[in-house]
Amino acid sequence: MNTSRILKLAGGALLAVVGLQQKGKTRIALTGLGGALIYAGLKEQEAPASLTSSGDIYLEDSVVVHRPLSEVYMQLRNFPNLPQVFSHLEKVEFQGENIRFKGQVPLGMLADWDIEMVFDDHQERFGWRSKPGSMLDNAGSLTFEKIDAENTRVHVALSYKLPKELLTVWKDLLTPERLRTDLEVYRRKVERV
């Protein structure tokens, strides 16, 4: 067992024990962080293929959906629908002019970050990035290609620069295999309608 893993397990256990002795929000925060560290220590392994040499996560894939381009674009351009596609997203909501993404982390806690649109080429592609000062650095885009009147290719590109605390947890959620599964589940769901 490597030193990093031992420190995560021991530090997580210590934080969880201290957290249980606290009250209110401090109890929840310390216990949750301790649990996340324990989880990270238990799950620590070699870096997956989606991690870049700097520790960033980059994913890219596409799927062909048996639906007209305009229908697929309108559904996915409606940001609150994105958690139906990406399993790492719990919720997307509008807060005034902001769009807030919320993603699951262990013990039922949520990480959230505000995003802004970078481009929106109607029925061709749209992209976003997290706003400065967000909990994590995220960017993404969806590109739509009309294959014929009833078939559309959706190309997804996602990147995440995560704090170390989230990297060890989310690297298992943000894998090429998970994105492939998410896109196939989305395709089947849309084609059943």
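Me: Which helix gives the largest share of the lining of the largest cavity?
Reply: This is a predicted model, and a search of the whole structure turns up one cavity of 30 Å³ or more. Its lining includes Arg178, Leu179 and Asp182. The largest share of that lining, three residues, comes from helix α5 (residues 176-192).

Me: OK, and what volume does the largest cavity have?
Reply: Picture the residues around it, among them Leu59, Phe86, His88 and Leu158. By class, the lining has six nonpolar, three polar and two charged residues. The space they line has a volume of about 50 Å³.

Me: How is the aromatic pair of phenylalanine 79 and phenylalanine 101 classed?
Reply: You describe a pair of aromatic rings by the distance of the centres and the angle of the planes. For phenylalanine 79 and phenylalanine 101, that's 6.1 Å centre to centre and 45 degrees between the planes. Stacked needs under 30 degrees and edge-to-face needs over 60. So 45 degrees makes this pair tilted.

Me: How many residues apart in sequence are the parts that this pair ties together?
Reply: Phenylalanine 79 sits in the loop between α3 (69-77) and β2 (89-95), while phenylalanine 101 is in strand β3 (residues 98-104). So the pair ties together parts whose separation in sequence is 22 residues.

Me: Is phenylalanine 79 buried or exposed?
Reply: Buried means under 20% relative accessible area. Phenylalanine 79 comes in at 0% relative accessibility, so phenylalanine 79 counts as buried.

Me: Which arginine lies over the face of phenylalanine 126?
Reply: Phenylalanine 126 belongs to a cluster linked by ring pairs, along with Trp113 and Trp128, among others. Over its face, at 5.8 Å from the ring centre, lies arginine 77.

How values were computed:
Residues are numbered from 1 along each chain as its sequence is written. This is a predicted model: local features need pLDDT of at least 70, side-chain atom pairs count only at pLDDT 80 or more; totals for chains, interfaces and linings use all residues. Side-chain values use heavy atoms; hydrogens and water are left out. On a 1 Å grid over the protein atoms alone, a cavity is a set of points where a 1.4 Å probe fits but cannot get out, and a pocket is an open set with protein on both sides within 12 Å along at least five of seven lines; lining residues have an atom within 4 Å of a point. Grid points are joined across faces, edges and corners, and a volume is the space filled by probe spheres set on the points. Helices (H or I, at least four residues) and strands (E, at least two) are DSSP runs, numbered from the N terminus. Ala, Val, Leu, Ile, Met, Phe, Trp, Tyr, Cys and Pro count as nonpolar, Asp, Glu, Lys and Arg as charged, and the others, Gly among them, as polar. Rings of Phe, Tyr and Trp (its six-membered ring) pair if their centres lie within 6.5 Å; planes under 30 degrees apart count as stacked, over 60 as edge-to-face and the rest as tilted. Buried means under 20% relative accessible area, exposed over 50%, partly exposed in between (1.4 Å probe, protein chains only). A charge sits over a ring if NZ of Lys or CZ of Arg is within 6 Å of the ring centre and within 35 degrees of the ring normal.
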